[in-house]
Structures are given as C-alpha cells and as structure tokens.
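Please read it alongside the sequence and the model.

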Amino acid sequence: MNAAPEPIIELAGVTKRYGIGTPVETEVLHGIDLTLRRGEFAALIGPSGSGKSTLLNIIGLLERMTGGDYRLQGRPVKELADAELTSRRGDTLGFVFQFHHLLPAFSAVENVMLPALVKHGRFTEPDRARAMTLLDRVGLKDAADKKPAQLSGGMQQRVAIARALARGCPLVLADEPTGNLDTHSSDAVFSLMRDFNQEESVAFLIVTHDPRLAARCDRVVELVDGRIRSA
Amino acid sequence: MGPGFAWTVAVRFLREGRIQSLLIIVGVAAGVGVVTYISALIEGLQGNTLRRTLGTQPHVVVKPFEEIPRPSLRAGTDTLARQVQPRAQRTRSIDNWQALMAEMRATPNIVAVTPVASGAALAIRGEASRSVALIGIELEGYDRIVALKEKIVEGAARVTPGEALIGVQLAQDLGVGVGERVVIRTGGTSDAADTFKVAGIFDLGSRDLNRRYVYIPLKSAQPLLGIPGGATNLYAAVADMFEADVTAARLKARTGAEVESWMDTNAQLLSALNAQTISTRLIRLFTAVVVMLGIASVLVVSVVQKRKEIGILRAMGATRAQMTQVFLTQGAIVGLVGSVLGVLLAAAMLWVFTNFARGQDGLPLFVVGLPLDLAVTVACVATLCGILAAAAPARRAAQLDPAEAIRL
C-alpha cells in the first residue's frame with residue numbers, strides 16, 4: 001500500500017476561550033486534536049453549542065485559536081498576520097455556507113469566478129472557462145447568467161459548491177450545506193460533494209445535524225462539549 | 001488588465017442598491033450644481049463689477065512725491081512760535097520716469113506700463129468753457145491699460161499731434177462734433193493754450209468722466225502743463241488684479257517711488273468684493289460638508305446591509321485593504337458621477353440666467369459663463385470629498401469580523 005496521503009490540516013491541543021480577562025470567560029474548545037488528509041470526506045457532528053461552528057471557523061482561519069497548534073499543509077498558522085491568513089485562506093480553503101451566501105449583484109457564473117477576481121483583480125477567460133466547466137458539472141450550465149435571486153435554494157447551493165472549488169482548493173469546509181434544503185435537493189447537493197471528493201480528491205469537512213448524511217461520510221468526527229468524542 | 005477587484009465589486013454594489021445610489025448621486029449633483037453655479041455667478045459678477053469700475057482706471061499708478069515744506073527753523077531748540085502751512089502741490093513730473101518705467105516692466109505681474117501727463121485745464125469753444133482733466137497719453141500704450149479705443153462712439157480712435165478725444169457729455173456741453181476745434185487752456189504758472197481738432201468722441205460709461213476727460217497726445221500735454229518731457233503718472237496693468245497691492249508694495253520697496261494700486265483707491269469696492277468671496281467660500285464649505293455627510297451616511301448603511309457579502313468575500317481571500325478599496329471606490333464614483341451631473345446642472349442654470357434674466361433694455365443683465373477650470377476643479381474636489389466621506393465606512397467594512405458577519 002501507498003503511504004497515507006499528506007495531511008491538509010493538523011490540529012494539536014487547540015483551545016478557544018471567549019471573553020478573556022472578563023468575569024464571563026469561557027472555554028468552548030478544550031484541546032482539539034484533529035488531522036484531515038487529502039481526499040478525506042468527513043462529517044463534523046454534535047449538539048448545538050458543542051463548538052462545531054467555532055472549530056470550523058478556526059480551521060477556516062476566520063477566527064484565531066487561543067492555545068494549541070494548527071498546521072495548514074504542514075505550515076503553522078499561529079503567528080501569521082491577518083493579511084497572510086487571508087491569502088492562505090484564499091489559496092487553500094473553499095467555503096460552503098448554510099444560507100448559500102451568493103452575492104446577489106453577480107450572476108451565477110460570476111459568483112463562481114469571485115475567488116479568482118479576489119486573487120487576480122479581474123475576470124479572465126481561463127477563469128470563466130473553469131467556472132463554466134464547474135457549473136456544467138453541477139448541472140447549472142444553462143443558469144450561468146442568472147442572478148442568484150432567480151435560482152432555487154438547491155441550485156444556489158450547487159453554485160456555492162462550484163464557487164468553493166473554483167480555485168482548486170484541497171479542502172472545502174461546509175457548514176450545514178443542506179440545512180435548509182428539502183430531501184431531494186439535499187441529496188443532490190450531497191452527491192455532488194461526494195463526486196468532487198472521489199474524482200478530484202478534494203477533502204471535505206461537513207458540519208451537519210443530519211445523522212443520515214453523516215452516515216454516508218467516510219469518517220465522523222463528533223464534538224461534545226468542546227471535546228472530540230470519537231474520530 | 002481589467003478594471004480590478006475594487007472597481008468591479010464597487011460598481012456592482014452601487015448598481016444593486018439602485019434607489020440608494022441614485023438618491024445620493026442626485027444629492028451630490030445638487031450640491032455640486034449649487035456650488036458651481038454660485039462660484040461661476042460670483043466670479044462672473046465680480047468680473048463684471050471690476051470691468052465696469054476699473055475700466056477707466058489703471059491697476060497700479062506711480063505718482064510724483066508730494067511736496068512737503070521744509071521749515072528752516074527747527075522746533076524744540078528755542079522758544080519760538082512757528083506755523084508751517086502745507087505746500088500747494090503743483091504739477092510735477094516724476095523724476096527719471098523712463099528708468100522707472102523700465103524697472104516696472106521688469107516687475108512680475110505687471111503686463112503693461114504707459115506714461116501719462118495730466119493736469120487741470122479749461123476746454124473752451126466760443127463763449128462756453130468747461131473745466132476738464134487734461135490727460136496726455138500715448139494711445140497705443142494707454143489702450144493696453146485702459147481700453148479706450150473700444151469706447152469711441154463717434155469719429156476715430158486716434159490722437160495724432162493737434163488732435164483730441166473728448167467725452168460725449170463734453171461734446172454736448174460745448175456743442176462740438178468730430179472734426180471741429182476746441183481750445184485747451186491751462187492756468188497757473190504755465191498758463192498756455194492750444195487748439196485741438198476733435199478726432200473722436202468716447203463714452204466711458206460715466207457721465208462725470210464723459211464731461212471731465214480730454215485726451216491729447218503726451219507730447220502736446222507736456223508743454224501745456226509746464227513739464228516738458230515729463231510724466232505726472234505711470235499707469236500699469238497687472239495680470240492678477242487681486243495681487244495688485246502686493247505688486248505695488250514690491251515696486252515701492254524696490255524703487256522708493258510713490259505707488260498706489262486700485263485696491264488703495266477703491267477700498268470700499270474691495271471690501272464688498274471680499275465679503276462676497278468669503279460668503280461664497282462659506283457656501284462652498286458647508287455644501288461640501290453636507291454632501292460628504294450624505295455620502296458617508298449612505299455608505300455606512302450600505303456597509304451594514306452588506307455585512308454578509310463582505311464576510312463571504314473575506315472568506316474567499318479578499319484582504320482588509322481590498323474591502324477598504326471597494327468602499328473608497330464607491331465614494332469616488334458617487335463623487336465623480338454626481339459632480340459631472342452637477343456641473344451640467346450648473347451650466348443649464350447659468351444658461352437660463354444669461355438668457356432669461358434681462359434688464360429693462362432687453363439685454364442680458366450679465367454674461368456669465370462656466371469657466372472650464374472651475375468645472376474641472378469642482379469635479380476633482382467633489383471626487384476627493386467622495387473618497388474622504390467613504391473613509392469611515394470603508395474602515396468599518398475592513399474591520400468587520402468575517403466569522404461574525406457570515407453567522408448573522
């Protein structure tokens with residue numbers, strides 16, 4: 001057998017405290033150890049208030065941890081300045097949020113090109129070609145020029161997945177991606193993520209409340225009261 | 001290269017908030033329109049006032065020194081009674097005026113210089129005589145300072161030896177026309193007289209001056225006034241009218257001559273103009289502040305409305321600097337588009353003003369144009385104001401915590 005694929009994220013003893021120095025100081029994450037490798041397809045589950053969103057934000061470099069060590073593609077991120085974090089985030093991580101969060105002022109294909117616009121400062125032809133390919137793969141080629149408001153919830157979420165993959169990031173973080181979709185759309189969105197995972201070895205970390213979906217993942221990480229129960 | 005991230009996102013954001021963007025652009029246009037209109041109007045009116053008032057005056061005048069009595073008995077040494085009477089000022093020439101003229105020509109801001117010999121005289125025709133101000137000029141040089149040629153209403157603009165130009169009123173009073181003769185007699189010590197043919201009749205726009213002024217060649221005036229080869233005044237025109245006092249002071253310091261500017265002789269006019277200028281500045285300042293507050297408040301609301309979108313863009317790798325630029329660009333676009341519309345609005349208002357505000361004679365009250373440099377300056381300042389006004393909202397956008405913004 002080959003050696004295990006290279007790790008994308010490595011968390012060791014990560015803690016997060018809020019309200020430091022105030023009477024309401026609370027620790028929401030108590031020493032998280034977690035490694036995700038290239039091509040993994042993992043669910044992150046846990047009851048409300050268990051710290052799932054906080055953990056996802058820390059992994060997504062949207063929030064800073066209080067203690068512990070976090071390496072992204074082998075490089076520690078703890079000491080990085082905001083601008084550096086922002087550029088690492090753009091290069092390495094794709095995001096899919098619960099409420100789609102497409103930019104209403106841009107068409108579907110432009111939304112998929114947004115990460116490239118952020119990086120290159122313009123819409124280039126190769127970017128557009130890649131965006132169209134992605135939209136084709138999520139089955140929305142014909143809706144490319146529609147504004148988000150003209151698309152259904154499931155369609156919007158498929159555009160969001162295409163956008164998360166637009167820069168070819170090795171890891172996509174999805175926060176309740178099927179949270180407000182009906183069962184049918186929900187299955188379609190999940191299958192799409194599965195396809196990208198299997199065909200392009202993109203790793204996924206999916207926060208979900210749905211045990212049915214979690215069961216279809218390769219790995220389930222359960223967070224209870226700020227600790228990982230089983231990995 | 002394309003137009004860039006900040007530009008693309010800024011334009012989309014503005015187009016998305018249609019009504020909001022439209023309202024603020026109209027607001028900026030109204031503000032810029034008012035400022036441009038007021039500025040052009042005041043500038044135009046001041047120009048008109050200055051032209052009318054100073055049309056017959058030089059901007060800077062060099063005069064001979066006043067004669068002061070020098071009593072031989074000094075006060076204070078002994079007990080004695082002393083009374084010193086001021087001297088009567090006779091007509092004198094400026095010492096060494098040719099050299100002084102060369103000096104003046106070399107002074108910055110001065111664009112033209114001409115010598116003048118003037119004094120009191122009587123214009124006589126038959127039984128009628130009128131006291132006049134006799135002004136000996138070199139017409140070409142004089143015309144560059146006081147546009148006399150264009151004020152000739154009858155006859156020719158010409159003062160060859162033996163010819164004179166007189167005003168409409170004087171011509172009436174004496175009953176002379178072009179080609180007829182008047183006798184000019186100066187009194188006092190020189191007491192000389194000569195006959196001149198009226199070459200042309202002028203209208204300076206003031207009855208008083210039309211009755212008083214008689215122009216003859218400089219060379220004819222000199223002997224009449226008893227100052228052969230002399231000049232009683234040197235007239236100069238300046239490029240920047242409002243720098244005339246500085247120019248006069250500089251000239252005085254350098255040459256020691258007696259120098260006056262129009263600003264000394266027209267102190268009241270000057271303070272009226274200054275009051276206008278100050279009120280215009282205040283109007284400009286307050287309008288700018290109001291416009292900036294308008295832009296800032298709309299953008300602040302927009303930052304709040306777009307929190308999620310800012311969060312998403314940040315998650316996709318947009319830096320704080322990029323978010324700042326997005327909002328600064330919105331401010332700049334609003335300022336620029338608004339100011340272009342505002343300048344057009346001002347041009348329209350000025351057109352209406354010039355074409356429909358007519359005096360009793362049916363002619364336009366004033367001809368006021370919109371100077372291009374004013375339009376460009378206003379547009380630049382408005383754009384800059386837009387960017388400044390966007391500074392605070394832009395900082396807020398940059399400092400939004402992306403995690404928090406997305407969660408909402």
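## Packing of α3(A) and α5(A)

In this predicted model, α3(A) and α5(A) are roughly parallel to each other, a label that covers angles under 35 degrees, with over 145 counted as roughly antiparallel, 65 to 115 as roughly perpendicular and the rest as oblique. Helix α3 of chain A spans residues 108-120 and helix α5 of chain A spans residues 153-164; their axes come within 8 Å and cross at roughly 30°. Axes are lines fitted to C-alpha atoms, for helices over the stretch in contact, and angles run from 0 to 180 degrees between N-to-C directions.

## Packing of α5(A) and α6(A)

α5(A) also packs with helix α6 (residues 183-200) of chain A, at an angle of about 10° and with the axes 9 Å apart. α5(A) and α6(A) are therefore roughly parallel to each other, and their crossing is right-handed.

A:Gly153, A:Gly154, A:Gln157, A:Arg158 and A:Ile161 in α5(A) face A:Ser185, A:Ala188, A:Val189, A:Leu192 and A:Met193 in α6(A) as contacts. The contact of α5(A) with α6(A) has five nonpolar, four polar and one charged residues.

## Where the chains touch

In the contact between the chains, 25 residues of chain A meet 25 residues of chain B. The side of chain A that touches chain B has 13 nonpolar, seven polar and five charged residues.

Within α2(A), A:Thr86, A:Arg89, A:Gly90 and A:Thr92 are buried (20 or more other C-beta atoms within 10 Å of the residue's own; 12 or fewer is exposed, in between is partly exposed; C-beta atoms are placed from the backbone). Their cover includes β4 (67-72), β6 (93-96), α3 and β7 (171-175) of chain A, together with α11 (307-315) of chain B.

## Chain A and chain B overall

Chain A has seven helices and ten strands (DSSP runs numbered from the N terminus: H or I of at least four residues for helices, E of at least two for strands). The radius of gyration of chain A is 18 Å, close to the 17 Å that the globule rule gives for 231 residues, so chain A is as compact as a globular protein of that length. The radius is taken over C-alpha atoms, and the rule is 2.2 Å times the number of residues to the power 0.38. Of the 231 residues of chain A, 45% are buried.

Chain B has 14 helices and ten strands. The radius of gyration of chain B is 32 Å, well over the 22 Å from the globule rule for 408 residues, so chain B is more spread out than a compact globule. The C-alpha atoms of chain B fill a box of roughly 100 × 65 × 40 Å along the principal axes.

## Conventions

Residues are numbered from 1 along each chain as its sequence is written, while chains are lettered from A and ligands numbered from 1 in the order in which they are written. For this predicted model, local features need pLDDT of at least 70 and side-chain atom pairs count only at pLDDT 80 or more, whereas totals for chains, interfaces and linings use all residues.

How values were computed
Two residues are in contact if their C-beta atoms, placed from the backbone, lie within 7 Å. Ala, Val, Leu, Ile, Met, Phe, Trp, Tyr, Cys and Pro count as nonpolar, Asp, Glu, Lys and Arg as charged, and the others, Gly among them, as polar. A crossing is left-handed if the near helix is turned anticlockwise from the far one by less than a right angle, and right-handed if clockwise.
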